[in-house]
Amino acid sequence: MSTVAALNARFGIDGVVKVVAGHGGLPAVEVTGPQGNGTVYLHGGHVAAWKPAGMEEVLWLSGSSAWADGKPIRGGVPLCFPWFGPKKDDAKAPAHGFVRLSEWELESVTQGADGVTIGLVTRSNAGTKGWWDTDYELRHIVTIGKKLTMELELKNVGGGPLVAEEAQHTYFGIGDVRQVKVLGLEGVKYIDKGAGMKEVIQQGAVTITGETDRIYVETEGNVVIEDPVKGRRIGIAKKGSKTTVVWNPWVAKAKAMPDFGDEEWPGMICVETCNVLGWAVKVEAGQSHTMATEITAGRL
Ligand code: BG6
């Protein structure tokens with residue numbers, strides 16, 4: 001029996017959950033539930049699609065994404081861990097860490113009142129210790145329903161404390177990035193990665209008028225993306241996260257990325273739940289830390 005068939009025999013739920021060979025043949029859990037549909041890849045513990053009942057797809061996926069072992073998926077919700085962006089002391093290390101590059105283990109699939117919950121895990125091993133000498137378990141618990149809930153649980157199974165950066169790097173599908181407003185970050189300080197890490201205070205709603213790569217700090221409140229073109233409002237609530245990244249590559253950077261279509265940039269915005277830079281999480285031996293995002297979508 002193939003891996004996919006074996007996983008489907010173990011975790012499939014008739015008419016609601018199916019394990020399939022997704023893009024590139026990568027195993028994916030497909031949910032078609034009364035509250036919403038979605039797809040979660042074992043590769044990267046990655047949510048690739050979510051469509052609450054009665055709405056169109058909320059997440060963005062590039063038509064040029066790679067779908068292969070060793071490559072990240074461009075779109076959906078990549079998980080960045082245990083560093084964010086380039087690794088400080090090793091330019092050759094994979095950007096945004098290594099957990100988005102390989103297959104996670106599917107641990108559980110259950111159907112409940114809020115939708116279908118899928119549990120995935122990845123653990124430290126000899127390979128990961130070559131990059132980062134730490135013993136950990138990282139779980140992504142995803143509920144596909146009227147809401148999309150994603151909990152990233154980091155457990156320190158080693159003998160000393162660990163410090164890690166982490167992100168749920170969510171790509172949202174929008175009508176036109178030049179027309180959206182991101183609300184909830186007014187008056188918040190951000191570090192402008194596109195301007196030499198300059199510190200700036202956000203004035204009014206966030207609007208996108210060029211390449212944007214910002215780390216908003218001490219962010220615990222809710223954020224809303226207002227999309228007048230799609231007539232949609234996306235709500236983002238989070239827990240256990242102190243930073244929020246807002247990213248759009250705009251024209252030149254989109255062209256420079258091989259796995260991102262040249263003309264795709266107006267249709268997406270990343271609003272990322274994260275703990276990065278000086279806000280990296282510290283977890284004592286035997287302890288856990290959970291960072292979570294809850295996404296809702298409604299009409300404007
Ligand atoms: C964002 C970073 O979160 O991710 C950007 O702040 C980066 O600096 C972007 O360019 C995409 O990263 P990647 O590695 O997926 O191309």
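Let's start with the ligand shell. Its residues split into four nonpolar, two polar and six charged. One caution before I go on: this is a predicted model.

Who is in that shell? Around the ligand we have Arg74, Phe84, Ala95, His96, Arg100, His169, Lys193, Asp213, Val245, Trp247, Lys253 and Glu272. Keep Arg74, Arg100 and Lys253 in mind; these names from the shell come back in a moment.

Where does the ligand sit? The space it takes is the largest pocket.

Take arginine 74. An N or O atom of its side chain is 2.9 Å from an oxygen atom of the ligand. Next, arginine 100. Here a polar side-chain atom also lies 2.9 Å from a ligand oxygen. Then lysine 253. Its polar side-chain atom is 2.8 Å from an oxygen atom of the ligand. How much of the ligand does the protein cover? On its own, the ligand has 390 Å² of accessible area, and the protein covers 86% of that.

Alanine 252 sits in helix H3, which runs over residues 250-256. Is alanine 252 buried or exposed? Its relative accessible area is 58%, so it counts as exposed; the cut-off for that is over 50%. Now a distance. Tryptophan 265 is 13 residues from alanine 252 along the chain, and their C-alpha atoms are separated by 9.9 Å.

Next stop, histidine 43. Look in the loop between strand S3, residues 36-41, and strand S4, residues 46-52. Histidine 43 has a relative accessible area of 3%, so it is buried. The cut-off there is under 20%. What does its side chain reach? The backbone oxygen of alanine 68, at 3.4 Å. That pair counts as a polar contact, because the limit is 3.5 Å.

To recap. The ligand takes the space of the largest pocket. Arginine 74, arginine 100 and lysine 253 each place a side-chain N or O atom by a ligand oxygen, at the distances I gave. Alanine 252 is exposed.

Key: Residues numbered from 1 in each chain as written. Predicted model: local features only at pLDDT ≥ 70, side-chain atom pairs only at ≥ 80, totals over all residues. Heavy atoms only, no water. Helix = DSSP H or I, 4+ residues; strand = E, 2+ residues; numbered from the N terminus. Buried < 20%, exposed > 50% of the residue type's maximum accessible area, 1.4 Å probe, protein only. Near = heavy atom within 4 Å. Polar contact = N/O pair within 3.5 Å; in protein donor to acceptor, adjacent residues only side chain to side chain. Areas by Shrake-Rupley, 256 points an atom, 1.4 Å probe, with all protein chains shown as cover. 1 Å grid on protein atoms, 1.4 Å probe; cavity = no way out; pocket = protein on both sides within 12 Å on 5 of 7 lines; lining within 4 Å. Sits in = over half its atoms within 2 Å of the grid points. Nonpolar A, V, L, I, M, F, W, Y, C, P; charged D, E, K, R; others polar.
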